[in-house]
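Here's a quick briefing to read with the model open beside you. Have a look at the fold before going through the points below.

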Amino acid sequence: MHLGERDAVDAVFRKVELLTSIGQTIGSLEQLATSTQFTDDGLFSWRIGKLRMSQSWPAAGDRLDKVFGYPNVMALVHTRGLAGLGLLLPGASRARRGVLAATMCATAYGVQTRVRYGFDGSDHFAFVNYACAALEKAFPHDERAREALVAFLAAQACLSYFTSGAAKLISPVWRDGSAIPRIFRTTTYGDSLFYRTVRDRPWLAKAVAWSTIAGEMAFPLVLVAPKPVARGILATGAAFHLGNARFMGLNRFVWSFGATYPAVAHVSRALGRDNAPASQPARGRTPLKSLVAAATRPGVARNAVLAAAGATALAGATVHRVAERRRERRRASAPGRLVRVNGRDVHVLANTVGVGPTVVFENGMACPATEWGWVLDELGPGISYVAYDRPGIGWSATASVPRDAERSSAGLRALLTALGARPPFLLVGHSVGGVLIRCFARRHPELVAGLVFVDSSHPDQLRRSTGQRQTLPWVRQQVTTSWFRALAGTPRRSQEYRPFSSLPDGMAEATERCMAAPGAWWATRQEMHHWQHSWSPDAAHLRAVSRPVAVLTAGETVRADPAHEALQRELAGLSTVSRHDFVADAGHNALVMAPEHAPGVVDSIDWVRARARGLAHGHAG
């Protein structure tokens, strides 16, 4: 490497150190100015912080009192501030800069261990910037290692922007623009002027959202774009962070992310201007340029394609085998049995030899048949019943065609026939299952003995309930997030809400394992679409029934959404023979899955059974 090229790499990291240190020194000064937050009565009290540490490292809390207790912890902040100032001063040698950058990494780790919250992406990127700068000083004579560190930092920046944009792209509230006014109305990141502007102009909010998504996802193009375009992308990125600093108070992002731009520009130049043939002498090329030139030789490229194709085929076979083994293990863990219906396995919990009418259960969204575990136990052995998993949910196989209202009703009818379940059927639906039992009752009124709605969805709830309508995008986002986490195999955190944990022994663990599969959440995404565009419009056509109806409503749902109560009363109004009960202390899922509420659900079923028998004998009972 020539001196000029060597100095170019050093110049890149000098800029990285300077820009990063501006933001981090300001941050240290802010912490020093608000040092009372580190006292025992402050927001960052060590007495509270070490309680969390004691969960994973019991003996650490007391041992670290001398370091993290107040006022000793301020020495860590002072050290960080002085190291940042040292990197801002001119004339420092490479060795000194390396020590100071390593000090910034060490103190960052110490401060974040002490505080554990209040940090953001700018702090994490600052750590990466300093780590790369320190490592670069450890390889003064290894040109490839130094170039690799520049490339690594540039790749980290591109990956950060792209994943941020992709996360927004899959979010419904970003795609429709509603996230923008919601963000800017907050105290933490809000701006009253900007909020009023986008609140009154939905088209502008949507334009801002999509501009952000497109800009972040397109950022990696800076590496291969022509020089004027690359400069434009970097300028746009800088303007984006300056705007965030002005309107959202995210001023440290300007320095931490802006500090990566010299590395990005360096790699962009190396990739963009080295179009010389491979036979050209390597003099004047950086190792990164030489690597690009070598990789583009025809023979190398052909062999690389063949190797990639072979690796892809091997990986595909491995993935297929792993997926098949997972399916086998999941089928073996099914609490019920698998029934073949129309060429597809359907998981059922059923007893079809008891007395009628046969009770047929429709589950809530993203819930397998095991959600009725306590209710089935309460029914007793003499009652005929069928609970099943819809396609792709629980242990049932996916369907090859969309499950609109027509196909869903036909699929349930085929399942009941395959099981030999005798009509009439008493239909019980929880949540969105209440919409589906209306679809079935509309098509087969002669097969229905009665309906039980357990905190059921209403066909018109998204139009008439502001709360439900505003919550829907967040529900979609949660489902999508669960799908991605299942794909990545990320375990649920212990503090997360786990609705299936209250199910009977055996069912709870099996259900949680089953719902860790990505297919269940992909099927839920499809069900959400069918619920809005097929199931609810179809169910709305059933305006009255000549069969008894019982409605069971969760008090917590009504308190969270007052419109829910009126919608539930309308469900009871479907029949002149009806009953409506409120369970004040029950939540939406707990009404079905908690053992203390199972007797109430069974009582509603028994009431409908009795009234159905009375109607069959010519009186209402």
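Among contacts in the protein chain between residues at least 6 apart in sequence, what percentage join residues at least 24 apart? It's 75%, with contact meaning heavy atoms within 4.5 Å. Keep in mind that this is a predicted model, where local features need pLDDT of at least 70 and side-chain atom pairs count only at pLDDT 80 or more, while totals for chains, interfaces and linings use all residues. Residues are numbered from 1 along each chain as its sequence is written, and side-chain values use heavy atoms, with hydrogens and water left out.

**Overall make-up**
- The protein chain has 28 helices and eight strands; these are DSSP runs numbered from the N terminus (helices H or I, at least four residues; strands E, at least two).
- Of the 621 residues in the protein chain, 47% are buried (under 20% relative accessible area, 1.4 Å probe, protein chains only).

**Helix 22 with helix 24**
- Helix 22 (residues 466-488) packs on helix 24 (residues 518-539) at about 155 degrees, and their axes are 7 Å apart; axes are lines fitted to C-alpha atoms over the stretch in contact, and angles run from 0 to 180 degrees between N-to-C directions.
- That makes helix 22 and helix 24 roughly antiparallel (over 145 degrees).
- Their crossing is left-handed, i.e. the near helix is turned anticlockwise from the far one by less than a right angle.
- Among the residues that meet are V475, V479 and W483 in helix 22 and W521, W522 and W531 in helix 24.

**Helix 5 with helix 6**
- Helix 5 (residues 73-88) and helix 6 (residues 94-115) pack at about 150 degrees, with axes 9 Å apart.
- So helix 5 and helix 6 are roughly antiparallel as well, and their crossing is left-handed.
- The contact includes L76, A83 and L87 from helix 5, and L100, M104 and V111 from helix 6.

**Aromatic rings**
- There are 12 aromatic pairs, counting rings of Phe, Tyr and Trp (its six-membered ring) with centres within 6.5 Å.
- Y161 and F257 have ring centres 5.7 Å apart and planes at 65 degrees, so the pair is edge-to-face (planes over 60 degrees apart).
- Y161 sits in helix 8 (residues 143-169) and F257 in helix 14 (residues 251-258), so this pair ties together parts that are 96 residues apart in sequence.
- Both Y161 and F257 are buried.
- F125, Y161, F219, F253, F257 and Y261 make up one aromatic cluster.

Note on methods: Angles under 35 degrees count as roughly parallel, over 145 as roughly antiparallel, 65 to 115 as roughly perpendicular and the rest as oblique. Rings of Phe, Tyr and Trp (its six-membered ring) pair if their centres lie within 6.5 Å; planes under 30 degrees apart count as stacked, over 60 as edge-to-face and the rest as tilted. Buried means under 20% relative accessible area, exposed over 50%, partly exposed in between (1.4 Å probe, protein chains only).
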